[in-house]
2 protein chains.
Amino acid sequence: MNLRKAALAIYGAALQAAEPRAAIRRVLRREGDRLWVGGREYPLDGTRVFVVGFGKASAAMAQALEEVLDDKIAGGWVTVKYGHTAPLQRIHLHEAGHPLPDANSIRGALEILNLVSQAGRDDLVFCLISGGGSALLELPVPGVTLEDLRATTDALLRSGAAIDEMNTVRKHLSEVKGGQLARHLEHEGAGPQVVSLILSDVIGSTLDTIASGPTAPDSTSFAQAQSVVERRGLRDRLPASVLEHIERGVRGEVPETPKAMDSVFGRVQNIIVADNGIACEAALREAQAQGLNSLLLSTFLQGEAREVAQVFAAMAKEVIRSQHPVPPPACIMAGGETTVTVRGSGQGGRSQEFALAAAIQIAGMVEPNVVVLSAGTDGTDGPTDAAGAIADGATLARAAERGVDARAALANNDAYHFFAPLGDLVITGPTNTNVNDLMLVLVA
Amino acid sequence: MNLRKAALAIYGAALQAAEPRAAIRRVLRREGDRLWVGGREYPLDGTRVFVVGFGKASAAMAQALEEVLDDKIAGGWVTVKYGHTAPLQRIHLHEAGHPLPDANSIRGALEILNLVSQAGRDDLVFCLISGGGSALLELPVPGVTLEDLRATTDALLRSGAAIDEMNTVRKHLSEVKGGQLARHLEHEGAGPQVVSLILSDVIGSTLDTIASGPTAPDSTSFAQAQSVVERRGLRDRLPASVLEHIERGVRGEVPETPKAMDSVFGRVQNIIVADNGIACEAALREAQAQGLNSLLLSTFLQGEAREVAQVFAAMAKEVIRSQHPVPPPACIMAGGETTVTVRGSGQGGRSQEFALAAAIQIAGMVEPNVVVLSAGTDGTDGPTDAAGAIADGATLARAAERGVDARAALANNDAYHFFAPLGDLVITGPTNTNVNDLMLVLVA
């Protein structure tokens, strides 16, 4: 059994499951004027279909919708990050700023709101949501400017606010985030059916977090936003317009974001079309198809890359010692996103660093052989052209033959230059998707 | 199901499996003049039994031998750490220095060599080996003093030498380490049967590492010892006697430590009576008996405690999300030893810090409930009177009610004072054994 080939095939299955067009196609089935989305039927007879979208993968998602619903699409507008385009026939493609929203983000939001205002009770609106959508679709509340929003983000970042704290504040300065796009779509009861097809780059795929949850119930409040301002000492650091809007919200003078029981979600179906869980389950099926005794440990993996890698090496050793947690030929995998605390001046990313740290731990384990693969699904691990790296029990020895020291490379956060000369970088090119990372260890 | 109670029972099963007397009793079976040790028969008819031992758990191990072989014991000598005593009838108990060997370590070694020199071809010698044995049994080679040994250890530590590098050097300065006790026992073919009963505190239980492997084949050489000296720049920092002995060894003027095919091991049986693997497997059986879908991930777990803890929390989340890697009610466990990089001024140990870091990640996970337990088997986690700690999805909230902040406690390495007021320390008292740590997460 070629373990490296098996590892790459398993990773390939994850990538395929995360591919935006394939992901959309999986949940859509059309027979003439009947359409099933995620198992629920939507009649197309006399129905106009509108498509809106925002996110880095949303152009490719729109392509899939055009393939299935071409003749039914009455109008469409998708906002992507500059350069993240794909050829579309009926849906207008628009480019805007990311990670910071710009004027085109606002223009796109206005166009989308204008477009969906045409959709009536018998119509169907698809929202194609993917990572980056939070910046690409933006419409600040009246009185708050784009500049105010940027100043707020800056101040939150400098204050050490956590990502959920930042989102709590930003949802309450927007007309579209935190379920508010769904409110616009609902037209006070006269609105269309809404199907949000969501490609999630968020660990755990919490609907209110992906692209700031424009069609999902919000779990945060103006009161919580104000708590963040207080807790992080931001009263003197935020624009006056922002503070004023939050205070008005706390006093109930502007509407709260819609919550789970709100009727605006009555005709909204949110469907995750791809995420780390779906990608990992595809990887798991591929591993099983390869005859490997396979375990999916988690799709919530986090922690310092080099430390988490030690857990994977430790499991490989146990497979060999005692056939726990699964007997060889074994494949143990997890999805998620580790972090790297940069201390050196080298080049790499969390996935490459994971593979390097694992390589050190499995050095010499060649009979049975141990292979570790760690790679992202977006094709870009850190500021490199690699998605990740692959290592086995002989990797350290092969590097040493070339005078490359693994421990020194790890100490310098230089996994890229460790793996590059070995030909052990995993290179996919841009994948136009992002469902976080896959890490796996094989023993056989 | 009371998950906390289940977690404590599983940990209890691990402790029980690691208990020295029970561990010895498991591998010994006697019927009159017939004795089976680890499945192999040793006739006792006309056989004199000698018992020697060294290590922190060796007094309790000796008790078990006396219980089984009382009338057959012709002589015995066991060296333990000061205070690690237990009442013995026929076997002499001796106390010596640990972690640094002292004059009593040498006296004990000489007594042991003298005692076993009486054992002939028809006799049986038991060696009771446990953690700490490397310091407690010491006999430097001629020309090297105890002071030289200490200076060598100091210099190695200061040079940043890894533990395997230190052991390579020290084995080649000793008359007993690295299989050399077996050589003494063999009497050039006239020696007794030798059974080493080993309680391992070494991850992976490599025979040549536990107590420096006095009766196990050595995998290191004088040449490697010299490489360590060069690599670590120690030529000018080691005592002249030490450098000279290593050089003589390299030139073949003093005998090399015995290797795997050496005939001195022909009548030696090394048996691991307890180690982390045996303890974890007992814990696994208990978890299964409790009706939990159980996985043993590894007995080689290492890495920074707070990072490894995140992997355990991530698995709990996945059990709830997708029933991977096992469906609830679930128990996922691992053994090993994590590390703590101390940055704060609080009190704790690696097991308590693991539980605290996990508690932060599982906060709010109460339905289904998640319980994390992390505890050592020696009863002393870091410089505390606790073996470890237990946490669940409500731990953070309970602490917050008392004004105790988990993140602040973790930042200050102060897990002890986080768990103590909650009554969530795991306290066993000294267990007189050490087979590393157990970490587990339960979801139900």
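Okay, a definition to start: buried means under 20% relative accessible area, exposed means over 50%, and partly exposed is in between, with a 1.4 Å probe and protein chains only. With that in hand, look at Phe312(B), which is buried at a relative accessible area of 0%.

Some housekeeping. This is a predicted model, where local features need pLDDT of at least 70 and side-chain atom pairs count only at pLDDT 80 or more, while totals for chains, interfaces and linings use all residues. Residues are numbered from 1 along each chain as its sequence is written, chains are lettered from A and ligands numbered from 1 in the order in which they are written, and side-chain values use heavy atoms, with hydrogens and water left out.

Rings of Phe, Tyr and Trp (for Trp, the six-membered ring) pair if their centres lie within 6.5 Å; planes under 30 degrees apart are stacked, over 60 edge-to-face, and the rest tilted. That rule gives 4 aromatic pairs over all chains. Take Phe418(A) and Phe419(A): the ring centres are 5.0 Å apart and the planes sit at 90 degrees, so this pair is edge-to-face. Both Phe418(A) and Phe419(A) are buried.

Back to Phe312(B). Its ring pairs edge-to-face with Phe354(B), at 5.2 Å centre to centre and 80 degrees between the planes. Phe354(B) is buried too, with a relative accessible area of 0%. Helices (H or I, at least four residues) and strands (E, at least two) are DSSP runs, numbered from the N terminus. The pair links distant parts of chain B, 42 residues apart: Phe312(B) is in helix α12 (residues 305-322) and Phe354(B) in helix α13 (residues 350-361).

Next, charges over rings, meaning NZ of Lys or CZ of Arg within 6 Å of the ring centre and within 35 degrees of the ring normal. In chain A, the charged end of Arg29(A) sits over the ring of Trp36(A), 4.2 Å from the centre. In chain B, Arg29(B) has its charged end over the ring of Trp36(B), 4.3 Å from the centre.

So what about the sheet? Chain B has an open one of 3 strands, in the order β1-β2-β3, with antiparallel pairing; two strands pair if DSSP finds at least two bridges between them. Strands β1 (28-31) and β3 (40-43) of chain B are at the edges with a single partner each, so one side of each has no neighbour in the sheet. From one strand to the next, the twist averages 25 degrees. Strand β2 (residues 34-37) of chain B is joined to β3(B) by 4 bridges, and Val37(B) has Arg40(B) as its bridge partner in β3(B).

Helix α2 (residues 20-27) of chain B packs on this sheet, touching β1 and β2 of chain B, with its direction at about 55 degrees to that of β1(B). Contact here is heavy atoms within 4.5 Å; axes are lines fitted to C-alpha atoms, for helices over the stretch in contact, and angles run from 0 to 180 degrees between N-to-C directions.

Last stop, Thr257(B), in the loop between α10 (240-250) and β9 (268-274) of chain B. Thr257(B) is buried, with a relative accessible area of 4%. Its neighbours beyond four places in sequence include Lys171(B), His172(B) and Asp218(B). For contrast, Arg237(B) counts as exposed at 61% relative accessibility.
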